[in-house]
Amino acid sequence: MNKLREPSLLFDRIFPVGVIVALLVIGWYAATFFLNAPYQRDLNARQGVSVTTSELVGQTMRQQKPTMPAPHQVASALWKATLGVPVTSKRSLVYHAWVTLSSTLLGFLFGTVLGVLIAVGITHIPALDRSFLPWIITSQTIPMLAVAPMIIVILAAVNITGLIPKALISTYLSFFPVAVGMVKGLRSPEAMHLDLMHSYDASTWQAFWKLRVPASVPFFFTSIKVAVAASLVGAIVGELPTGAVAGIGSKLLAGSYYSQTIDIWAALIAGSVVAMLLVALVDVAGRVTARVMGARPT
Amino acid sequence: MTDKPVISARDLSLVFETHDGPVQALSNINLDIQAGEFVSLIGPSGCGKTTLLRVIADLEQPTGGAITVNGMSPHEAREKRAYGYVFQQAALFPWRTIESNVGLPLEVMGLDRNEAARRVKHNIALVNLAGFEKKHPWQLSGGMQQRASIARALAVEPAMLLMDEPFGALDEIVRDHLNEQLLKLWAQTKKTVVFVTHSIPEAVFLSTRIVVMSPRPGRIHEIIDCNLGAERPLEIRETLEFQRIAQQVRDGLRAGHSYDD
């Protein structure tokens, strides 16, 4: 029999994650060398310099516009763009992340409200149940990159610019997981629980608030975890066709115009850090809510 | 008033339409239950005992015949909260504490807060769960959960308890214990109880009358009187009278069951 031991932060969390990170970094360095080496060899041949393999490795890690930037190049770019400049600067990734985050959050809020409303409609109005879901699914099969410019252009025509159009693209992507998850959640009560409410002659309204809503809470948090990540993607995609001057998306776009691969990677990583923080935040909110609702601790 | 039956079924039938064609769940049910009786419905699976209970509770609609509960239709009786229903599982809401679960029907009824709190306290004490008010269902054993669900049914203060194999999922020791408690409760509260079970000893131990049902189609095979008196310690199960009634129920079940397999 294995003796149960207290889970330790070092051995159960940090160590396994650290191993994976280390493997990723090693793989990344290897990729950097193999992807950058052909160009470097060409360059060296044209300039007539001959280098040893170890010198070549060094060169592939120091290119100005590498095909694949090395981890330390991205890290130093990130460092400079976050701690090296004031957060109000146009060169600060914190500033750009904040611009994207604000439209992400607004769009996420819209999307969550919209998704919940659709789910309530679908679970309570039979006509909506039969007619609505196929349209919702169709809406998600349309490529966002094709729809985003149209949304921006149409809204600009009615003088809506700035934060709202970008947020609406986030809404478009984030309402879907919430709607689907909440339909499932609101329908999750067992037949016995529904019979129980029926035996009390509870109204639809009472059954909704006292049974369906609390039963749907775990589904809600699972859905918004997906939705918040989708919102961020939506906000970034929304920044691309607008020629936005600020935001993670605009940094990606500017980076690709000028082949600043290091900047692109730095912006990508900034984006994923924001995504991780958002998902973690939702996760914590879900756990706290479950605890408050008396769920069995796991 | 007292001689009028609380539940009265006349030629009651219920046909379920299924994908494999109609299924006769209840056929030709004639049954009168008087106030204060403890009536068990016993029979093999598919005999319609749970369906009959659900018809009384207005959770299923009969397709033929007539049934009255307190002289009204089951629908009106349900609207007047004439009964408390206890399910096979405790069916407590996991996000509510025990006291808040017991208070659920009172919230739905819109009962005054003080009165609701009094009833919750009283009924939790009645099922011996005092001290567990603030616990959540997962913190209680299966037997305790089922007691909480009985307290919840009693909180409505119905004249009638409808119980659908309430102890079926529990082990025999807990079951014996809860049977004793249920009898005490019944003696204290003078409620009419309709109790679905597939256990012969349980039915004989608890009931004043036992309705033996048989399947395909679901019907009443025999109604057996079971007058063991009000005082029923567990040891009564060793007496000849108990054995005789149990044997009668067993014979009834055997005769009614078409062993077609």
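Predicted model: local features only at pLDDT ≥ 70, side-chain atom pairs only at ≥ 80, totals over all residues.
Reader: Which side chain does E99(B) meet in a salt bridge?

Author: The general idea comes first. Side chains of opposite charge can pair when their charged atoms come close. In this case E99(B) meets K134(B), at 2.5 Å from N to O. E99(B) sits in helix α3 (residues 98-102) of chain B, and K134(B) sits in the loop between α5 (113-126) and α6 (142-155), so the bridge ties together parts that are 35 residues apart in sequence. K134(B) has 63% relative accessibility and counts as exposed.

Reader: Which residues are joined into one network by salt bridges that share partners?

Author: E115(B), R118(B), R119(B) and E157(B).

Reader: How many salt bridges does the structure hold over all chains?

Author: The total is 21. Chain A supplies one of the cases: D129(A) and R187(A) form a salt bridge at 3.2 Å, N to O. D129(A) belongs to helix α5 (residues 126-141) of chain A, whereas R187(A) belongs to the loop between α7 (163-186) and α8 (191-199), so this bridge connects parts 58 residues apart in sequence. D129(A) is partly exposed at 33% relative accessibility. R187(A) is partly exposed too, with 40%.

Reader: With which residue does E37(B) form a salt bridge?

Author: With R209(B); their closest N and O atoms are 2.7 Å apart. This pair links distant parts of the chain, 172 residues apart: E37(B) lies in the loop between β2 (21-33) and β3 (38-42), and R209(B) lies in strand β8. E37(B) counts as buried because its relative accessibility is 13%, and the cut-off for buried is under 20%. R209(B) is buried as well, at 16%.

Reader: Where is M213(B), and which residues does its strand span?

Author: M213(B) is in strand β8 of chain B, which spans residues 209-214. M213(B) is buried, with 1% relative accessibility. M213(B) and I42(B) are 171 residues apart along the chain, yet their C-alpha atoms are separated by 6.0 Å.

Reader: What joins R216(B) and P217(B)?

Author: A cis peptide bond, with omega about -10 degrees. P217(B) lies in the loop between β8 and β9 (219-225) of chain B.

Reader: What is the phi of D11(B), roughly?

Author: Phi of D11(B) is near 50 degrees, which is positive, in a residue other than glycine. D11(B) lies in strand β1 (residues 7-18) of chain B. Its relative accessible area is 45%, so D11(B) is partly exposed. D58(B) is another non-glycine residue with positive phi, about 65 degrees. D58(B) is in the loop between α1 (49-56) and β4 (64-69) of chain B. At 3% relative accessibility, D58(B) is buried.

Reader: How many aromatic pairs does the structure hold over all chains?

Author: There are 12. One of them is F33(A) with F34(A): edge-to-face, 5.1 Å centre to centre, with 70 degrees between the planes. F33(A) is buried at 15% relative accessible area, whereas F34(A) is exposed at 60%. Y83(B) and Y85(B) also form an edge-to-face pair, with centres 6.4 Å apart and planes at 70 degrees. Both Y83(B) and Y85(B) are buried.

Reader: Which residues do ring pairs link into a cluster?

Author: The cluster contains F38(B), F167(B), W186(B) and F195(B).

Conventions: Residues numbered from 1 in each chain as written. Chains lettered and ligands numbered in written order. Heavy atoms only, no water. Helix = DSSP H or I, 4+ residues; strand = E, 2+ residues; numbered from the N terminus. Buried < 20%, exposed > 50% of the residue type's maximum accessible area, 1.4 Å probe, protein only. Phe/Tyr/Trp six-rings, centres within 6.5 Å; stacked < 30°, edge-to-face > 60°. Salt bridge = Lys/Arg side-chain N within 4 Å of Asp/Glu carboxyl O.
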